[in-house]
Amino acid sequence: MVPTSYFLVLSAVLFGLGVIAFIFKRNILTVFMSIELMLNAVNLAFVTFSRSLGQLQGQVFVFFVIVVAAAEAAVGLAIIILIHRNRRTLDVENVDSLKD
Amino acid sequence: MPVLTYLWIIPLLPLVGAAVNGIFGGRWPKSAISAIALFSTTLAFLAALEAVREFFTLSPDQIPWIKTYFAWISAGGFQANFALQVDQLTVIMLLVVTGVGWLIHIYSTGYMHEDPGYRRFFAYLNLFMFFMLVLILAANYLLMFVGWEGVGLCSYLLIGFFFLKQSATNAGNKAFWVNRVGDYGFLLGLFLILRTFGSLDFSVVLPQAAKMTADPAGHIGTLTTIALLLFVGAAGKSAQLPLYVWLPDAMEGPTPVSALIHAATMVTAGVYMVVRSHAIFLNAPVAMQVVAVIGCATALFAATIGLVQTDIKKVLAYSTVSQLGYMFLACGVGAFGAGIFHLMTHAFFKGLLFLAAGSVIHAMGGEQDMRKMGGLRKKISVTFWTMLMATLAIAGAPGFSGFFSKDEILNEALRVSPVLGWIGVFAAGLTSFYMFRLIFLTFFGEERYDEHHVRVHESPKNMTIPLIVLAVLSVCGGWMAAPQLVGGVNHFQHFLAPVLATGAEPAAAAAETSGGGGELLQALLGAPVIAGLLGFLLAWWFYIKSPETPKKLAASLSAPYKLLLGKYFIDELYRAVIVRPLVWISDKVLWHVVDERAIDGTVNGVAFVSRETGDRVRRTSTGNIRSYATWIILGVLVFTSLLLWMVD
């Protein structure tokens with residue numbers, strides 16, 4: 001049997017990759033995907049704990065996260081499409097009008 | 001008992017009149033405005049009459065009749081209710097205020113008819129009636145204070161009624177500020193009452209004060225301090241030395257206002273307040289002495305200034321100050337009932353004098369200088385006869401109302417303190433002199449006005465009828481006390497006795513004078529009457545028999561004459577000693593240092609610091625989503641490490 005720690009390390013690595021991609025990638029779609037990656041990394045951690053502790057709450061949480069992520073994907077993609085239409089760009093460096 | 005149960009309706013009626021005229025009356029014709037103003041005051045007068053009728057059906061243990069409508073202020077152990085009260089003292093004040101106020105409203109519809117500020121005038125006048133009624137109906141000192149301040153406000157508004165005239169606005173401001181000094185004393189007195197008795201209700205404070213041991217003579221204890229502070233308030237409102245300076249200037253207001261506010265009702269509020277608080281004063285001998293001396297000094301002082309004034313309203317103003325002095329003299333010697341009696345008769349005859357003076361001014365087309373009048377007797381005969389009645393009353397001619405009230409005061413003063421009494425008698429002589437001087441200068445002698453420019457005419461009916469009614473009251477108003485002269489009962493004192501019975505001394509004194517003192521009374525009755533007669537003869541000699549005498553006298557006694565003409569230069573003294581240093585401090589210190597440097601500096605400093613901080617912090621929000629993410633992650637890392645470190 002694979003030890004629990006392996007799963008957790010994998011989860012941490014995925015999460016770290018998500019964070020790094022979020023910070024360093026300039027394309028909005030990639031940033032968006034990195035968020036999904038972080039969410040799934042957390043899901044993996046939840047499931048791992050659920051299994052190792054023999055409790056179901058972790059898995060219930062995972063379903064919540066999936067539902068919220070789906071909703072977020074719908075809204076987020078809609079926003080991205082609108083940004084593209086209005087600005088003709090997907091570079092986050094150019095989408096900074098909130099500071100004004 | 002509908003009206004006694006719903007007592008609030010009496011003050012509410014004029015308030016409604018003021019509100020309707022003040023808010024909606026802008027486009028209405030004058031007839032509608034006067035109809036509303038008169039309707040509300042007439043109803044208030046009728047309601048007051050009904051309340052008095054119901055009052056007489058009460059059994060003695062129901063008096064004072066106190067109705068509490070709602071808790072007004074409730075904070076910790078302190079509670080002040082909106083409560084109204086009726087007792088014998090209130091009844092007299094209620095009838096005087098609503099009755100005289102009603103007559104003066106009628107008069108005003110004629111007097112103010114040509115004025116563009118017609119609506120404003122009646123709105124203020126009705127508002128004044130409201131506050132005055134609150135003042136006299138209040139069952140505790142705090143509600144009384146509301147009315148007290150309210151009438152002060154209305155007085156200010158009406159003195160400055162002709163606000164385009166600089167002197168009128170100045171006079172209004174002066175009245176307001178001088179009254180602030182008095183009100184400050186009154187307010188301190190209220191605080192001390194609250195601290196001493198734990199309440200401001202008359203029904204709690206006064207019986208307790210009556211039971212307390214009196215402060216020994218010459219000692220200033222708590223009760224004396226309270227009494228003196230209250231008297232400071234009374235001196236401000238009722239124009240006593242040294243706070244009388246505002247009242248002569250208040251004549252800048254329209255004449256009906258001078259009659260209603262500055263003669264008949266508001267200025268007597270101080271006397272009312274002192275009489276209401278007599279239980280406190282009776283246990284404060286020092287305060288009583290102060291009241292008596294100040295009252296007597298004011299009576300003499302103002303009468304002397306009145307001797308040489310040439311403005312018809314100024315003479316009456318100083319006369320009012322002087323008569324108010326008599327009322328305080330009465331209070332100071334313990335004859336509170338006599339003070340209220342004089343308050344009532346004074347409301348009749350001084351109200352009438354002012355209204356008649358207004359009628360003269362109206363007839364002369366706005367002229368107030370008596371030197372430019374003369375010989376008006378035949379042309380405005382109604383005004384002349386009514387004014388003569390009032391003059392006889394104020395001079396104390398036997399049988400007229402002022403005779404009974406003033407004699408009662410002077411007799412009591414002579415009994416308690418002969419010095420004050422004789423000064424009072426002397427001032428009564430002066431009163432008679434300056435009043436007949438006014439009559440002779442105005443109505444007798446040759447005509448000193450330009451007949452081509454001034455078309456002298458009698459006033460319309462709505463002005464003369466109030467004059468006639470008040471003339472009847474000025475003559476008959478004192479007859480309640482008449483039986484005393486022949487050994488009977490003084491009905492006025494008898495009526496007031498339940499209110500004033502808390503102190504044993506005046507009751508005993510009243511018993512003494514009405515019982516065995518008949519002959520003594522007859523003997524002393526002479527002095528004031530003779531003084532009045534001498535004053536009359538002197539005025540007759542000076543202004544009818546040999547009109548050259550006053551000029552010669554003024555020339556030979558030029559120093560005292562100038563002193564009197566300059567009103568003892570009290571205004572100049574106050575300006576130099578109080579007003580100018582105050583203006584200097586306000587300008588140089590309070591404005592340029594405290595306001596501009598300290599207060600503005602603090603406010604601007606706070607704004608400057610916030611703006612600079614904001615400017616720096618603003619640069620961190622770049623709008624770049626990746627920098628935000630970095631901040632979030634850094635924050636998470638910091639907090640997570642802190643958490644881990646704390647767990648270890």
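In helix 12 of chain B, the buried residues are Ala269(B), Gly270(B), Val271(B), Tyr272(B), Met273(B), Val274(B), Val275(B) and Arg276(B). The structure discussed here is a predicted model. Helix 12 of chain B spans residues 269–276, and because 8 of its 8 residues are buried, this helix is largely enclosed by the rest of the structure.

Helix 11 of chain B, residues 255–264, is mostly covered as well, with 10 of its 10 residues buried. Its buried residues are Thr255(B), Pro256(B), Val257(B), Ser258(B), Ala259(B), Leu260(B), Ile261(B), His262(B), Ala263(B) and Ala264(B). The cover over these residues includes helix 4 (88–111), helix 5 (118–137), helix 6 (141–159), helix 10 (246–249), helix 15 and helix 16 (336–363) of chain B.

His262(B) counts as buried because it has 28 C-beta neighbours inside 10 Å. Leaving aside residues up to four places away in sequence, His262(B) touches Leu247(B), Ala250(B), Val257(B), Val267(B) and Thr320(B). Lys237(B) is 25 residues from His262(B) in sequence, and their C-alpha atoms are 9.8 Å apart in space.

Turning to helix packing, two packed helices are described by the angle between their axes and the distance between the axes. Helix 14 (residues 285–306) and helix 15 (residues 312–332) of chain B pack at an angle of about 160 degrees, and their axes are 7 Å apart. Helix 14 of chain B is therefore roughly antiparallel to helix 15 of chain B. The crossing of helix 14 of chain B past helix 15 of chain B is left-handed. Sorted by class, the residues in this contact between helix 14 and helix 15 of chain B are 17 nonpolar and 8 polar, with no charged residues.

A second pair is formed by helix 4 and helix 20 (residues 461–476) of chain B, which pack at an angle of about 150 degrees with their axes 7 Å apart. That angle makes helix 4 of chain B roughly antiparallel to helix 20 of chain B. Here too a left-handed crossing is found, as helix 4 of chain B passes helix 20 of chain B. Helix 4 of chain B contributes Leu103(B), Ile104(B), Ile106(B), Tyr107(B), Thr109(B), Gly110(B) and Tyr111(B) to the contact, while helix 20 of chain B contributes Asn462(B), Met463(B), Ile465(B), Pro466(B), Val469(B) and Leu470(B). By class, the contact of helix 4 with helix 20 of chain B holds 10 nonpolar and 3 polar residues, and no charged residues.

Most residues other than glycine have a negative phi, and most peptide bonds are trans. The peptide bond from Ile63(B) to Pro64(B) is cis, with omega near 0 degrees, and Pro64(B) sits in the loop between helix 3 (30–56) and strand 1 (65–75) of chain B. Another cis peptide bond runs from Leu241(B) to Pro242(B), with omega near -5 degrees; Pro242(B) is in the loop between helix 9 (222–237) and helix 10 of chain B.

Lys567(B) is not a glycine, yet its phi is positive, at about 55 degrees. Tyr568(B) lies in the loop between helix 25 and helix 26 of chain B, and its phi, near 60 degrees, is likewise positive in a residue other than glycine. Lys567(B) counts as buried, with 20 C-beta neighbours inside 10 Å, whereas Tyr568(B) is partly exposed, with 13 other C-beta atoms within 10 Å.

At the level of whole chains, chain B has 27 helices and 2 strands, and its C-alpha atoms fill a box of roughly 110 × 65 × 50 Å along the principal axes. Of the 648 residues of chain B, 48% count as buried. Chain A has 3 helices and 0 strands. The radius of gyration of chain A is 17 Å, well over the 13 Å that the globule rule gives for 100 residues, so chain A is more spread out than a compact globule. Buried residues make up 10% of the 100 residues in chain A. Between the chains, 9 residues of chain B are in contact with 9 residues of chain A. On the side of chain B that touches chain A, the residues divide into 3 nonpolar, 5 polar and 1 charged.

Notes
Residues numbered from 1 in each chain as written. Chains lettered and ligands numbered in written order. Predicted model: local features only at pLDDT ≥ 70, side-chain atom pairs only at ≥ 80, totals over all residues. Axes fitted to C-alpha atoms, helices over the stretch in contact; angles between N-to-C directions. Helix = DSSP H or I, 4+ residues; strand = E, 2+ residues; numbered from the N terminus. Parallel < 35°, antiparallel > 145°, perpendicular 65-115°, else oblique. Left-handed = near helix turned anticlockwise from the far one by under 90°. Nonpolar A, V, L, I, M, F, W, Y, C, P; charged D, E, K, R; others polar. Contact = placed C-beta atoms within 7 Å. Buried ≥ 20, exposed ≤ 12 C-beta atoms within 10 Å, placed from the backbone. Rg over C-alpha atoms; globule rule 2.2 N^0.38 Å.
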